[in-house]
Amino acid sequence: MILHVKKNAPLQELKDFYQATSFTSDTYEVLVTSSSIKSYDEKHADFILFSQAFSSDIQLASSEYMNALRDVKIGNEILIGGESKNTLMITGPCSVESEEQIEMSAKYCIEQGIKVLRAGCYKPRTSPYTFQGLGQKGLILLARMRDKYGLKIITEAKDSSHIDEVIEYSDIIQIGAKAMYDHGILKACAKSRKPILLKRGFGSTLQEFVQSAEFILSGGNPNVILCERGIRTFETKTRFTLDLCGVAYLKEHTNLPIILDPSHAMGYRYGVADLARACIAMGVDGLLIETHPDPSVAKSDASQQLNFEQFDALHKSLKPIASAIGMHLI
Ligand code: PEP
Ligand code: MN
């Protein structure tokens with residue numbers, strides 16, 4: 001249940017009574033209890049401004065609570081969700097590998113009119129014997145690209161040991177698919193006000209995915225963006241299976257903007273452009289595509305990254321699809 005309570009309410013007493021989490025809004029306090037609680041105690045009636053019960057623990061993210069799509073601001077100029085009708089293009093390599101590589105990617109973003117550069121510094125690799133990312137050195141390089149080119153930066157956290165650094169250096173914090181359940185990360189992101197791109201764990205249900213978003217929302221950070229990046233199915237010919245049915249569910253039942261990542265879902269370059277066009281046609285709030293100046297030498301995800309020429313052709317083909325459904329590609 002969500003309760004909006006008056007600022008002068010005995011907050012700690014109410015939180016203890018309902019075992020609730022709480023955060024502050026401008027004009028009231030928001031208490032969120034388990035969805036198994038369906039009504040409040042009459043003795044608290046004087047403090048309650050609003051109450052709503054839910055059938056599951058998808059509450060703050062639910063379109064029943066807030067029917068309008070939430071908007072998320074990235075810096076001062078970029079807006080997605082809300083009434084914006086913007087689809088945000090994000091591109092860059094899987095990993096920051098060197099200053100030269102990330103600078104070529106940054107310059108390419110500028111050339112394409114793309115405002116957000118992606119690249120990971122803490123890579124959640126499946127093998128310990130592969131490139132694990134440049135760590136803080138990579139974050140410093142990304143910050144340099146922001147300063148030099150005026151780009152916004154999105155980079156991922158894979159565990160809570162470096163989450164504070166990632167929050168400090170980035171404009172959007174990406175929570176990697178394997179980190180979707182990491183409570184250290186979720187709690188740190190809840191305390192920040194920066195936008196959070198929460199990737200769906202590839203073995204997670206939609207319910208579990210949105211409940212992870214609830215950890216961030218109920219801690220007081222409303223700037224959550226969901227990211228579908230493919231789930232594991234019985235199919236092995238492609239790396240994962242992009243769950244577009246799930247995206248339709250999330251658009252209908254949640255109030256959170258959604259960014260799609262066809263690169264990690266497909267795992268192979270050849271399918272990324274077709275999938276990206278399908279994503280845009282669904283009217284999503286953003287697209288994340290991995291690109292590399294020379295994918296053949298990429299230190300991670302080499303098989304799925306597009307080269308600049310391939311991205312150029314894809315990017316051009318997306319604009320008419322976006323405008324056909326009343327969205328603006330930004
Ligand atoms: C990535 O974005 O490079 C990445 C590792 O993504 P995911 O967490 O979805 O695997
Ligand atoms: Mn990657």
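**Notes on the predicted model**

1. Domain 1 and domain 2 have C-alpha centres that lie 35 Å apart. This is a predicted model. The protein chain is divided so that domain 1 covers 2-52 and domain 2 covers 71-329.

2. Where does ligand 1 sit? Ligand 1 is found in the largest pocket. The space in that pocket comes to about 450 Å³.

3. The lining of the largest pocket consists of 20 residues. Those nearest the centre of the pocket are P124, T126, K178, R239 and D301. By class, the lining has 10 charged, 5 polar and 5 nonpolar residues.

4. Around ligand 1 itself are C94, R118, K123, E156, Q174, G176, A177, K199, R229, H264 and E290. This shell divides into 6 charged, 3 polar and 2 nonpolar residues.

5. Which polar atoms of the protein lie within 3.5 Å of an oxygen atom of ligand 1? One is a polar backbone atom of A177, with an oxygen atom of ligand 1 at 2.7 Å. The side chain of Q174 has an N or O atom 2.9 Å from an oxygen atom of the ligand. For E290, the distance from a side-chain N or O atom to an oxygen atom of ligand 1 is 3.1 Å.

6. Ligand 1 exposes 290 Å² when taken alone, and the protein buries 93% of that. The size of an interface is often expressed in this way, as the accessible area lost when the parts come together.

Notes:
Residues numbered from 1 in each chain as written. Chains lettered and ligands numbered in written order. Predicted model: local features only at pLDDT ≥ 70, side-chain atom pairs only at ≥ 80, totals over all residues. Heavy atoms only, no water. Near = heavy atom within 4 Å. Polar contact = N/O pair within 3.5 Å; in protein donor to acceptor, adjacent residues only side chain to side chain. Areas by Shrake-Rupley, 256 points an atom, 1.4 Å probe, with all protein chains shown as cover. 1 Å grid on protein atoms, 1.4 Å probe; cavity = no way out; pocket = protein on both sides within 12 Å on 5 of 7 lines; lining within 4 Å. Sits in = over half its atoms within 2 Å of the grid points. Nonpolar A, V, L, I, M, F, W, Y, C, P; charged D, E, K, R; others polar. Domains from an automatic or database assignment. Points joined across faces, edges and corners; volume = space filled by probe spheres on them.
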